[in-house]
Amino acid sequence: MKIYLALISAVALTLSACSQEPAAPAASAPSEPAASASAEAPAASAPTAPAASEAAHAAASSADTACQTVVEAGDDMKYNKTEINISKSCKEYTITLKHMGTMPKTAMGHDLVIAKSEDVDGVAKDGAAAGAENDFIKAGDERIIAHTKLIGSSEEATVKVDTSKFSAGNKYEFFCTFPGHLAMMRGSVNLID
Ligand code: CO
């Protein structure tokens, strides 16, 4: 009785093992045309479009008018400029910051603050500690030479910079005090002849 059952199960195993063999080659064959059809289509066209619009951006931002400039920032946490060049002949220099993104200032707020390079970290740290209710600017911070207010989607803010506050021999930078943005949003302010 036990032997008989063992034999039956052995036969059943053998049968099931054998039955898979003819199925296997049949399964792989029809998949080939499907694979080659899906491989060609959607890859090529997409990546060229953003590159073109970035080039247009760069061309527009390099055309600074004397004693004023426009700096744009968006949801990508970047300014569209890495430097602001201020002519020494300007008594006052006007900077307009525009938020080109869709995110509100509570999530992706930007400002533009100018300070000496060695003061940047401290100004940003104290600004973060001052909190959203203070637009991430420490009240009365004398290290700050100029700053815009904090803005969000589609807003803009203008600040007039008194250029007599710059002194020769110092390096100056502009940056965003929204917490976490300093690493991505920082550029040089250069006084030029
Ligand atoms: Co920012």
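Predicted model: local features only at pLDDT ≥ 70, side-chain atom pairs only at ≥ 80, totals over all residues.
Colleague: OK. What is the strand order in the open sheet?
Modeller: The order is β2-β8-β7-β4-β5, five strands with mixed pairing.

Colleague: Which strands stand at the edges?
Modeller: β2 (83-87) and β5 (146-147). Each has a single partner strand, so one side of each has no neighbour in the sheet.

Colleague: And in which sense do β7 and β8 pair?
Modeller: Antiparallel, over four bridges. Glu-173 has Ser-188 in β8 as its bridge partner.

Colleague: Switching to α5. Which of its residues are buried?
Modeller: Helix α5 spans residues 120-130, and Val-120, Val-123, Ala-124, Gly-127 and Ala-130 are buried. Viewed down the axis of α5, they fall within an arc of 120°, so they line one face of the helix.

Colleague: What covers the buried residues of α5?
Modeller: The cover includes β4 (113-116), β7 (172-175) and β8 (186-192).

Colleague: What happens just after α5?
Modeller: Gly-131 takes a positive phi of about 90°.

Colleague: Now packing. How many residues are in the largest nonpolar core?
Modeller: It has 26 residues. Among those with the most contacts inside it are Tyr-79, Ile-84 and Phe-166.

Colleague: What does Phe-166 contact, beyond its neighbours within four places in sequence?
Modeller: Ile-86, Ile-114, Ile-145, Val-161, Tyr-172, Val-189 and Leu-191.

Methods
Residues numbered from 1 in each chain as written. Heavy atoms only, no water. Buried < 20%, exposed > 50% of the residue type's maximum accessible area, 1.4 Å probe, protein only. Helix = DSSP H or I, 4+ residues; strand = E, 2+ residues; numbered from the N terminus. Arc of directions from axis to C-beta. Contact = heavy atoms within 4.5 Å. Pairing = 2+ DSSP bridges. Core = buried A, V, L, I, M, F, W, Y, C linked by side-chain atoms within 4.5 Å.
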